[in-house]
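Subject: Structure handover

Hello,

Here is the structure you asked to look at. My notes on what was found in it follow below.

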Amino acid sequence: MKGAAWPVLVSACLVGVRCRYDGQERPSPGVRRLFEEGRAVAVCPEELGGLGTPRPAAGLEGGGGVEVWQGRARVVNRLGVDVTEAFQNGAREALRQARECGARRAILKQHSPSCGVGSAGNSDGTRIPADGVTAALLRSEGIQVISDEEFENP
Ligand code: SF4
């Protein structure tokens, strides 16, 4: 990310916000540093979509984030509730905030059904080789997305 334009959009759980489904955070030292330096804007798409914290774990069903936007897959939570619309609303809001702050890159939490970059959580508890709902939207809108794992271990 050296020489990148700032700020970057980042997953809020990476900077210490307890916004995960289980009420926990997943801080990434490097991403947290960017945030503390004022070079990152933190968003949690699932909270932005109106889902509370803690909330039932959710996963993709029938495909990845790209297929969700094509209407060919969905997101369901552990209780069997379809939360696709909340995930899409949160992704749109994350995109809006990226545009508002001028972010052209995003560092997102790997393996999440929202934020995962090339690996996202499936409803059966496995991981599938696909972007999450937010990562897919940001990528399709020309924002470079990388995972926290790529950022920490380039
Ligand atoms: S991975 Fe994304 S949606 Fe999940 S808690 Fe972190 S910021 Fe929120």
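**Helix α4 and what follows it**

The buried residues in α4 are Thr84, Ala86, Phe87, Gln88, Gly90, Ala91, Ala94, Leu95, Gln97 and Ala98. Here, buried means under 20% relative accessible area, exposed means over 50%, and partly exposed is in between, with a 1.4 Å probe and protein chains only. Helices (H or I, at least four residues) and strands (E, at least two) are DSSP runs, numbered from the N terminus.

Before going on, please note that this is a predicted model, in which local features need pLDDT of at least 70 and side-chain atom pairs count only at pLDDT 80 or more, while totals for chains, interfaces and linings use all residues. Residues are numbered from 1 along each chain as its sequence is written, and side-chain values use heavy atoms, with hydrogens and water left out.

Helix α4 covers residues 84-101, which is 18 residues. From its first C-alpha to its last it reaches 26 Å, close to the 26 Å expected at 1.5 Å a residue. The expected span is 1.5 Å times one less than the number of residues in the helix. Just after α4 comes Gly102, with a positive phi of about 80°.

Ala86 has its place in this helix. Why does Ala86 count as buried? Its relative accessible area is 15%. With neighbours within four places in sequence left aside, Ala86 is in contact with Gly49 and Leu51; contact means heavy atoms within 4.5 Å. The C-alpha atoms of Ala86 and Leu48 are separated by 8.2 Å, and these two residues are 38 residues apart along the chain.

Pro45 is in helix α2. Pro45 counts as buried because its relative accessibility is 3%. Neighbours within four places in sequence aside, its contacts are Gly90, Ala91, Ala94, Cys115 and Thr134.

Where does the ligand sit? The ligand is in the largest pocket. On a 1 Å grid over the protein atoms alone, a pocket is an open set of points with protein on both sides within 12 Å along at least five of seven lines, whereas a cavity is a set of points where a 1.4 Å probe fits but cannot get out; lining residues have an atom within 4 Å of a point. A molecule sits in one of these if more than half of its atoms lie within 2 Å of its grid points.

The ligand is surrounded by 14 residues, the closest being Cys13, Cys44, Glu46, Lys109 and Cys115. A residue is near a molecule if one of its heavy atoms lies within 4 Å of it. The shell divides into seven nonpolar, three polar and four charged residues. Ala, Val, Leu, Ile, Met, Phe, Trp, Tyr, Cys and Pro count as nonpolar, Asp, Glu, Lys and Arg as charged, and the others, Gly among them, as polar.

Helix α5 (residues 133-140) is largely enclosed by the rest of the structure, because six of its eight residues are buried. These are Val133, Thr134, Ala135, Ala136, Leu137 and Leu138. After α5 comes Gly142, with a positive phi near 90°.

Gly65 is in helix α3 (residues 65-69) and is buried at 0% relative accessibility. Apart from neighbours within four places in sequence, Gly65 is in contact with Leu60, Asp131, Gly132, Val133 and Ala136. Gly65 and Ala136 are 71 residues apart in sequence, but 5.4 Å apart in space, C-alpha to C-alpha.

**Loops and the exposed proline**

A cis peptide bond, with omega about -5°, joins Thr53 and Pro54. Pro54 lies in the loop between α2 (45-48) and β3 (58-61). His111, in the loop between β5 (105-108) and β6 (120-121), has a positive phi of about 80° although it is not a glycine.

Pro154 is in the segment after α6 (148-152). Is Pro154 buried or exposed? Pro154 counts as exposed, at 93% relative accessibility.

Regards
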